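I opened this entry to record what I looked up on packing and aromatic rings.

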Amino acid sequence: MAHTMNMEQGGSKVLMGTLLAWLAVLIYASSNSIVTLLTEVGEVNQVMGRNAITFCNLLALGSLISLIPMVFLFHKDWTRDNLRALTRKDWGVLTLSALLSSALTPALFFYALDHTTVTNVVLVGRIEPPLFILAAWLFLKEDFDPWSLAGGLVALVGAALVVALKGDGSSFSLGMGELAAVAATLSFIASTLVTRAGLKGVPLGIFSIYRTILGTIIYAAIALYLYGPLHFQDLLAPVVLKWIWVYAIIVVIIGQLAWNIGLKYARSGDVALATSFSPLAAIVIAMILLGENPGAGLIPGGAVIIAGVALAQYGRFRKKQAEKRAMERAMELEGSANFKGV
């Protein structure tokens, strides 16, 4: 009975992690549209001829603001016993996660966007879901989910259709920008793997706060080095302070918390499926918030993406049914053995 209760509790945590992973993907898919809307507000309300609502200002100040609810929610994790329990390996994992997620990955993506089209970067990034499943199986020894892998590959085809039929004159080629996008995708996968490994032995509060602080410092240092000491001069401008809360609450606070909890409890297949849905979600959200025209590829490509998600879920359903039948059979055999013993 205790075993059954533990299985039910584990199942509820997996379900919670899966739902939060999907929520995080939807939030991150909307982040570009939200940032675009906010930068348009900054363009209308300039500070001495400058748009104060820049991506760098939003990310840096939003990360600092997110520390307020994190400290409120997770201050109990920062105890002497918890900190003493962390090994050098744990601190190394935390630091590596911050370096990958806050420095290397965004730097590679920015380089890619400077050397190729957004369309090509999006297309290259769709290799992430199936590669993540394989990497989690190889490096984290997680159960291999062939149905999720197949669903991710089908969703990749759907994303390619959306891009190919967009009708904006874009063409795909393999150059420095595309190679940087591949490297950025691999860096993101590595960051996700490190996060999953780190969260297994580190309290969520310590992980979230430490990575946010270190990541913000690294990001600010890189921005100051690349763009000069005046890069953050409008960080505390009234228009920034007025609108930063939209970005900080939705994208940084809710998005990061949902993503971290999702990575802690969701299966790798569930995370990969959620990220497979990201391009379709980003396009639909851009349609709603920005009035963008997705082109003729939305319907066929979106249908293929949804088919990929459905394929993986069908495989998951079959697997659960098989496990349920095996458990029922084992209970029948155990009951029969007990009856004969009596």
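The model is predicted: local features need pLDDT of at least 70, side-chain atom pairs count only at pLDDT 80 or more, and totals for chains, interfaces and linings use all residues. Residues are numbered from 1 along each chain as its sequence is written, and side-chain values use heavy atoms, without hydrogens and water.

I searched the whole structure for aromatic pairs and found 4; ring centres of Phe, Tyr and Trp (its six-membered ring) must lie within 6.5 Å, with planes under 30 degrees apart counted as stacked, over 60 as edge-to-face and the rest as tilted. One of them, Trp91 with Tyr210, is edge-to-face, at 5.2 Å centre to centre and 65° between the planes. Trp91 lies in helix H4 (residues 88–115) and Tyr210 in helix H9, 119 residues apart; helices are DSSP runs (H or I, at least four residues), numbered from the N terminus.

I then checked accessibility (buried is under 20% relative accessible area, exposed over 50%, partly exposed in between; 1.4 Å probe, protein chains only). Trp91 is partly exposed at 28%, and Tyr210 is partly exposed at 22%.

For Phe188 and Trp259, the centres are 6.5 Å apart and the planes at 25°, so the pair is stacked. Phe188 belongs to helix H8 (residues 176–201) and Trp259 to helix H10, 71 residues apart. Phe188 is partly exposed at 29%, whereas Trp259 is buried at 10%.

Last, I looked up helix H11 (residues 268–276): 9 of its 9 residues are buried.

Methods
Helix = DSSP H or I, 4+ residues; strand = E, 2+ residues; numbered from the N terminus.
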